[in-house]
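User: Can you walk me through this one? I'd like to start with the packing and then move on to whatever else stands out.

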Amino acid sequence: MASAVMQRVAVLGATGSIGTSALDVIARHPERLSASILAAGSNVDGLLALCRRHRPAHAVIADPAAYPVLRDGLRDAGLPTEAHAGDAALDALVAGDACDSVVAAIVGAAGLSSTLAAARAGKRLLLANKESLVLAGELLMQAARDGGARIVPIDSEHNAVFQCLAASRAPADVARITLTASGGPFRGRGRHDLAGVTPAQAVAHPKWSMGPKISVDSATLMNKGLEVIEAHHLFAMPPARIRVLVHPQSLVHALVDFVDGSALAQLGLPDMRTALAVGFGWPERLASGVDLLDLLAQGGRLDFEAPDLDAFPCLAHAFDALAAGGTAPAVLNAANEVAVSAFLQGRIGFLSIPDLVAATLDAMPPQPADCLDVLLEADARARDACTARIATMPTSGQPA
Ligand code: NAD
Ligand code: MG
């Protein structure tokens with residue numbers, strides 16, 4: 001009986017923050033959810049530990065050099081799990097019949113190929129990997145339509161919008177979408193106060209516990225910029241009808257205004273297990289382990305303010321790239337990935353992140369982008385251009 005309703009889940013980015021939360025929710029529902037495929041980048045020990053706990057049918061490590069360690073580790077643990085390595089193996093498994101649902105939680109453009117494979121194969125797609133929508137939003141949404149995939153956004157704001165939209169039948173009823181932003185660890189600081197901030201300070205997010213890349217994106221507000229582009233694709237919403245508000249309590253995740261003046265919001269504690277439970281269960285609701293919201297706990301306040309685009313220009317760069325269209329969002333995303341990585345390695349300063357993104361966009365005027373090859377080429381060229389520019393910068397992190 002139970003097997004008829006068992007949802008077999010591929011967790012891509014299983015060793016990461018979202019992957020860990022997804023596996024926590026899955027383990028709460030052994031009668032209806034099972035992790036059948038686990039995939040990670042290079043953390044083979046972490047992946048092996050997860051395989052011992054969740055006993056998937058397949059485990060995939062992106063780094064081919066780690067394959068022998070994975071294979072031997074699975075064998076030595078006496079597990080039935082089959083070992084695989086490389087992106088092509090992952091794409092084939094995601095598209096095959098070993099899973100019904102896919103949690104796309106690889107960080108960065110590295111997640112695009114497997115996310116596309118899940119969309120084309122018509123899986124239930126729990127989409128956390130926002131960079132794939134920024135890089136190739138139109139193609140990904142088209143692939144999901146063609147493949148019959150149901151996308152449930154996992155990004156908390158988009159998951160909130162998804163839930164609010166269930167209250168309406170026609171897209172034309174929606175007047176505006178508001179994404180909230182915590183403001184990150186540097187909310188309230190001016191640009192002059194940001195030059196010397198360290199990677200450790202940038203990843204110390206006040207409300208959410210997340211991987212290092214998205215934590216830096218939250219500190220620059222690029223995360224919200226990527227989310228504006230993400231919302232545009234997920235909900236077919238023109239940029240002019242997408243708004244960002246800073247909301248330091250991070251309890252209201254998004255609002256949807258309807259043409260009749262109603263505004264619906266979704267609230268909850270800042271814990272990604274809620275969005276993941278929506279993804280697994282929708283239209284049903286599943287227990288997620290997240291506590292119920294106590295609105296009095298933080299002084300009974302819900303505050304909102306406008307974002308400071310002078311201190312955090314990445315948000316404006318993202319709106320500009322969305323308006324420019326074509327390859328511009330792909331260039332924005334690629335330059336940001338390279339800049340954030342250099343910042344995390346201590347090679348550039350915090351303010352160089354928006355500067356590098358802007359300079360790379362300036363150097364690469366947008367081209368029409370109607371196929372994946374054009375976008376991947378723009379992504380690669382933007383990475384090269386941004387890397388070359390960083391090489392000319394003194395290690396103090398200030399532009400030459
Ligand atoms: P993370 O750094 O904690 O985890 C990243 C995962 O991706 C790891 O399991 C890593 O092994 C894997 N990975 C990296 N490169 C890979 C590759 N080339 N091939 C296969 N796997 C690879 O990141 P995270 O915070 O879990 O974020 C994952 C994605 O979800 C990002 O796109 C992020 O923007 C999005 N997201 C995260 C949160 C959050 O709360 N953490 C919220 C919203 C959206
Ligand atoms: Mg978000």
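User: Which residues touch the most other members in the largest nonpolar core?

Analyst: This is a predicted model. The largest nonpolar core has 89 residues, and Leu332, Ile348, Phe350 and Ile353 touch the most other members.

User: And which helix gives the most to this core?

Analyst: Helix 14, residues 328–344, with 11 residues.

User: What does phenylalanine 350 touch?

Analyst: Leaving out residues up to four places away in sequence, Phe350 touches Phe186, Leu194, Ala195, Val197, Ala202, Ala219, Thr220 and Phe343. Another core, of 36 residues, lies apart from the largest one; Ala22, Leu48, Leu50 and Leu276 are among its members.

User: Switching to the metal. Which residues coordinate the magnesium ion (ligand 2)?

Analyst: Asp155 through OD, and Glu157 and Glu227 through OE, at 2.0 to 2.2 Å. The spacing of these donors in sequence is D-x1-E-x69-E. Glutamate 157 sits in helix 8 (residues 156–165) and glutamate 227 in helix 11 (residues 222–235), so this pair, 70 residues apart, links distant parts of the chain.

User: Is glutamate 157 buried or exposed? What about glutamate 227?

Analyst: Glutamate 157 counts as buried because its relative accessibility is 6%. Glutamate 227 is buried too, at 0%.

User: Now the outside. Which residues form the nonpolar patch on the surface?

Analyst: Leu267, Leu293, Leu295, Leu302 and Phe304, with about 380 Å² of accessible area together.

User: Where is phenylalanine 304?

Analyst: In the loop between helix 12 (273–281) and helix 13 (314–324). Its relative accessibility is 38%, so phenylalanine 304 counts as partly exposed.

Technical notes: Residues are numbered from 1 along each chain as its sequence is written. Chains are lettered from A and ligands numbered from 1 in the order in which they are written. This is a predicted model: local features need pLDDT of at least 70, side-chain atom pairs count only at pLDDT 80 or more; totals for chains, interfaces and linings use all residues. Side-chain values use heavy atoms; hydrogens and water are left out. Donors are N, O and S atoms within 2.8 Å of the metal (3.2 Å for Na, K and Ca); water is not among the atoms, so sites may look incomplete. Helices (H or I, at least four residues) and strands (E, at least two) are DSSP runs, numbered from the N terminus. Buried means under 20% relative accessible area, exposed over 50%, partly exposed in between (1.4 Å probe, protein chains only). Patches are made of residues with over 30% relative accessible area and no salt bridge: like charges are joined within 9 Å, nonpolar side chains (Val, Leu, Ile, Met, Phe, Trp, Tyr) within 5 Å. Accessible areas come from the Shrake-Rupley method with a 1.4 Å probe; for residues, only the protein chains shown count as cover. A salt bridge is a side-chain nitrogen of Lys or Arg within 4 Å of a carboxyl oxygen of Asp or Glu. A nonpolar core is a set of buried Ala, Val, Leu, Ile, Met, Phe, Trp, Tyr and Cys residues joined through side-chain atoms within 4.5 Å. Contact means heavy atoms within 4.5 Å.
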